[in-house]
Amino acid sequence: MTNESSSIASLVASARSALQQAQVADAIRLYRLALAQGAPVASELAGVHYQAGNFTAARDVLDAALTLDPAYDDGFFQRGLVLMAMNEPALAVADFDRFLSVSPDFAHAYFQRALAHLRLQRQGDALEDFRQASRLQPDLVDAWVNLGVLLLQKGDAAGAVDALRAADQRAPGQAKILQALASAYDGAGEVSAALQLYARIEPAAASRPEFLTNHGLCLLRGAQPEAAHQRFTRALGLAPGDQTALAGLYLAANELGHRHEVGALMGFAHLLH
């Protein structure tokens, strides 16, 4: 090893050691010195800036690295992540596109590009990328969850059930997944399965008005107006004036024959039609 390469290796080792000891400023200084001497540490230096929340500095490092070496393909993926943190989803999509053109089997790149598409209101593109990410890496739970939520929003409740069941199989018992799955079952007309899940989740979600409202609506579809009325009442105690809960309360009161309550709530009936 030449003196020069030994010096570079020492700088890199010292930078990594400083980082392990949470001496971020020293790590950045040493990485910069190593980078100036030709060490391939742009990714590490950008990562340090990124973790510190200094996204502009991270982008500057990667911009310079990609200018010097346009074939530095991993740099496009990393810069895409930085651009997402800077709320530049269109630019991030372009970088993820470039990365995927040479690494088409990397599931996380499809996942990240899907998130960028969502910020750009491109639900169709996001759906396809979440689908591809889940195909390439079946244990990528968040890809299944996002796929299921998007399918449900598009009206494909059966597809949403399949995706969210796949997520639950890989990460059993997560409340976020179970609640989305309950909504999907409800949307697919499988009210009994939905109610079983809502009952299972409720002890941990009873302080969330949106959950209580969704549970109440499902209870109405399951011909349980008294239980639905209780959930809407509790939801309104947590979020007074919530219009969906008020509309649900109207429907429950109407089924229960609470005439005075029905009259007071009649103005909200249209919100669920």
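User: How do helix 2 and helix 3 run relative to each other, roughly parallel or roughly antiparallel?

Analyst: This is a predicted model, in which local features need pLDDT of at least 70, side-chain atom pairs count only at pLDDT 80 or more, and totals for chains, interfaces and linings use all residues. Residues are numbered from 1 along each chain as its sequence is written, and side-chain values use heavy atoms, without hydrogens and water. The axes (lines fitted to C-alpha atoms over the stretch in contact, with angles from 0 to 180 degrees between N-to-C directions) of helix 2, residues 24-36, and helix 3 come within 10 Å and cross at roughly 155 degrees, helices being DSSP runs of H or I with at least four residues. Angles over 145 degrees count as roughly antiparallel and those under 35 as roughly parallel, so the two helices are roughly antiparallel.

User: How many charged residues are in the contact of helix 2 with helix 3?

Analyst: With contact meaning heavy atoms within 4.5 Å, Val-24, Ile-28, Tyr-31, Arg-32 and Leu-35 of helix 2 meet Ala-42, Glu-44, Leu-45, Val-48 and His-49 of helix 3. Nonpolar covers Ala, Val, Leu, Ile, Met, Phe, Trp, Tyr, Cys and Pro, charged covers Asp, Glu, Lys and Arg, and the others, Gly among them, are polar. By these classes the contact has 7 nonpolar residues and 1 polar residue, while the number of charged residues is 2.

User: How is helix 3 oriented relative to helix 5?

Analyst: Helix 3, residues 42-51, and helix 5, residues 73-85, have axes that come within 11 Å and cross at roughly 15 degrees. Helix 3 is therefore, relative to helix 5, roughly parallel.

User: Which residues of helix 5 take part in the contact with helix 3?

Analyst: On the helix 3 side, the contact is made by Ser-43, Ala-46, Gly-47 and Tyr-50. By class, the contact has 5 nonpolar, 3 polar and no charged residues. The partners from helix 5 are Gln-78, Leu-81, Val-82 and Ala-85.

User: Which helix gives the largest share of the lining of the largest pocket?

Analyst: The largest pocket has a volume of about 320 Å³, and of its 15 lining residues the closest to its centre are Leu-152, Gln-179, Ser-183, Tyr-198 and Asn-214. Helix 9 (141-153), helix 11 (175-187) and helix 13 (209-221) are the elements that give two or more residues to this lining. The largest share, 6 residues, comes from helix 11.

User: Which helix gives the most to the lining of the second largest pocket?

Analyst: About 250 Å³ of space lies in the second largest pocket, and helix 3 and helix 4 (55-68) each supply at least two residues of its lining. With 4 residues, the helix that gives the most is helix 4.

Terms used
Angles under 35 degrees count as roughly parallel, over 145 as roughly antiparallel, 65 to 115 as roughly perpendicular and the rest as oblique. On a 1 Å grid over the protein atoms alone, a cavity is a set of points where a 1.4 Å probe fits but cannot get out, and a pocket is an open set with protein on both sides within 12 Å along at least five of seven lines; lining residues have an atom within 4 Å of a point. Grid points are joined across faces, edges and corners, and a volume is the space filled by probe spheres set on the points.
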